[in-house]
Structures are given as structure tokens and as C-alpha cells.
Amino acid sequence: MTTAKEKQPKVSADYNGYDYEEYWREHDRAYEDEADRMAIRKLLPKKMDNFVDIGGGYGRLANEYLKRAKKVTIFDYSKTELAQAKEKYGDKINTKAGDIYQLPFKDNEFDGMMMVRVTHHLKDLEAAMREFYRVLAPGGTFVIEVANKRTLPKMFRYWFKKSDINPFDEKPSNQKDTNMINYHPKYVEKMFDKIGFKIDKVLSVSNFRSTTLKKVFGAKTLIKLEQSAQENLAGVRFAPSIYYRLKK
Ligand SMILES: C[S@@+](CC[C@H](N)C(=O)[O-])C[C@H]1O[C@@H](n2cnc3c(N)ncnc32)[C@H](O)[C@@H]1O
């Protein structure tokens, strides 16, 4: 019999039994991977006591925080992902399974938190943000990547009537084909403020995420361009990933 405690959370994306590592390994994603890492290096504090990677999966980005934190936890709903993470990093990490909407952590437990490539799975980002605020210690840092609905390609698709999703409308959009949710920067920034987070720094990330650009210029060139674009384009917030460093 399943007890209330063991009840499976309602997740919009179930990565149990899915080889997410293969998605990164087998596909041409060196540029996107490096763009994420570049942003994380710029945003995460150099030293942290207790850090958690929320929806951290198999620990793709663990090398970016292992050296900076005394204690590291990878938190995820998927036991498949967490087992892969444990296999890779062993005693260097703790793993914890559970649902973002009911984090199994104490109030003010972490001084460092990160969540990358997860917002597009969250139907109730505000409820999740309240949980993140609860477990972050006062003065702590939360680096969050937000899937942006107001990108240039989405604007063109809308103007040329290829999509009926209006990227200028602040309400979150649900992409019917992929079931992924994208957020307008203004919508999330108002939400951060309402909850009590202070925005400390913003970066525009994966600015050149395009199969055509990758074919024409190659990942190496795009990575070089990405370095300065992350800071320089932060103001316009047109990239598919917007990174925020939030403080409590
Ligand atoms: C696209 S992967 C990103 C993994 C990692 N952050 C990265 O960038 O490589 C999304 C992860 O979020 C996790 N996830 C999605 N919804 C969740 C929820 N409600 N609670 C806990 N984890 C969740 C999935 O299991 C998956 O591992």
C-alpha cells in the first residue's frame, strides 16, 4: 500500500528511466552546455557552505560548483538521474529525491542554490519560488535559469503568423508541441519581487542557440561570441535562457 508520504508527486516531466545524459552526449550541444557553464561561473559565489542543485539531474553542471561548496546536494524527482549522479561523483555529493513543490529541506538550510533548465517544466513557478525562498538562508544566493518566451525567433514567428503565441504577452506560454512552459522576463521579475528575492545580476544566455548558426560558424566561434554577449545583451533579455542571481 502506498502511504501519503510515498505518494508520487505530480511532475510535468518524468525523467525516470530517461537517459538525459545521452541528450547532451549524442547531440550537437557543446555550445549550449558551455553557455550554461559560462553563466554559472559568473554568477555563483566562489565559496559556499551548503549548496543544492535543484532539478540537478545527473549532475551535468556539478564540476562548476563542487570546488566552491563545502557540502553539495543534488535534488531531483528522478531516481534514474540521481543514481547516475551518484555513480559519477560518489561521496563528493549527497543526493535527495523529491518534488520541488514540497522540498524536503529545513527553512534557511542553504546559503547557495541553483536551478538550471527546470522552469520550463514548472506549471506553478510561483509556488516553487516560495519553496526556494523558504529553504534559502537570509543573505544566501539563488542562481536560476528561466526559459524565456520573449526571444527574437519567437517574435518573428509571431509577426509572420507561424505561431499564435504572443511573446509580448506577459502570461506564461505553453508550447503545445513540447508541453514546455516559457516565461516573460517581466512576469518572473515581478514574481521575484513579490516573494522577497532581490535581483543582483542578470545574464542573457545561449544567445546564438540556432542550428543554422552552429552550422555556419561552428560551436567554437559561437562560444567566443557568447562570452561578451551574456553581459552586453542582458538588458534586452531576448535570449532563450535568462539567468538571474537572486539574493534573499
Ligand atoms: C532538463 S533537466 C535539467 C537537469 C540539469 N539541471 C541540467 O541542466 O542538466 C530537468 C530536471 O528537472 C527535474 N524535475 C522536473 N520537475 C521536477 C519536480 N517537480 N521536482 C523535482 N525535480 C523535477 C527532472 O527530473 C530533470 O532531471
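**Exercise 1.** Which residues make the nonpolar surface patch of about 540 Å²?

*Solution.* This structure is a predicted model. The patch is formed by L152, F156, W159, F160 and F168. To place one of these residues, consider F160, which sits in the loop between α6 (152-159) and β6 (173-175). The next step is to classify F160. Exposed means over 50% relative accessible area. F160 has 60% relative accessibility and therefore counts as exposed.

**Exercise 2.** Describe the surroundings of the ligand, then its polar contacts and its burial.

*Solution.* Begin with the shell. The ligand is surrounded by 19 residues, the closest being G55, R60, D76, D99 and V116. Sorted by class, this shell holds 8 nonpolar, 6 polar and 5 charged residues.

Next, take the contacts one at a time.

- The side chain of R60 places an N or O atom 2.8 Å from an oxygen atom of the ligand.
- At V116, a polar backbone atom is 2.8 Å from a nitrogen atom of the ligand.
- At I100, a backbone N or O atom is 3.0 Å from a nitrogen atom of the ligand.

Finally, turn to burial. The ligand taken alone exposes 600 Å², of which the protein buries 98%.

**Exercise 3.** Where in the chain do the partners K214 and E32 lie, and is each of them buried or exposed?

*Solution.* K214 and E32 form a salt bridge in which the closest N and O atoms are 2.8 Å apart. K214 belongs to helix α8 (residues 211-217) and E32 to helix α2 (residues 30-43); the pair, 182 residues apart, links distant parts of the chain. The cut-off for buried is under 20% relative accessible area. K214, with a relative accessible area of 13%, is therefore buried. E32 is at 4% relative accessibility, so E32 also counts as buried.

**Exercise 4.** How many salt bridges does a search of the whole structure find, and which residues are linked in a network?

*Solution.* The search finds 18 salt bridges. The network links D33, E34, D36, R37, R41, R60, E64 and R117. Among these residues, E34 and R41 meet in a salt bridge of 3.2 Å, N to O. E34 counts as partly exposed at 21% relative accessibility, and R41 counts as partly exposed at 34%.

How values were computed
Residues numbered from 1 in each chain as written. Predicted model: local features only at pLDDT ≥ 70, side-chain atom pairs only at ≥ 80, totals over all residues. Heavy atoms only, no water. Patch = residues over 30% accessible without salt bridge, like charges linked within 9 Å, V, L, I, M, F, W, Y side chains within 5 Å. Areas by Shrake-Rupley, 256 points an atom, 1.4 Å probe, with all protein chains shown as cover. Salt bridge = Lys/Arg side-chain N within 4 Å of Asp/Glu carboxyl O. Helix = DSSP H or I, 4+ residues; strand = E, 2+ residues; numbered from the N terminus. Buried < 20%, exposed > 50% of the residue type's maximum accessible area, 1.4 Å probe, protein only. Near = heavy atom within 4 Å. Polar contact = N/O pair within 3.5 Å; in protein donor to acceptor, adjacent residues only side chain to side chain. Nonpolar A, V, L, I, M, F, W, Y, C, P; charged D, E, K, R; others polar.
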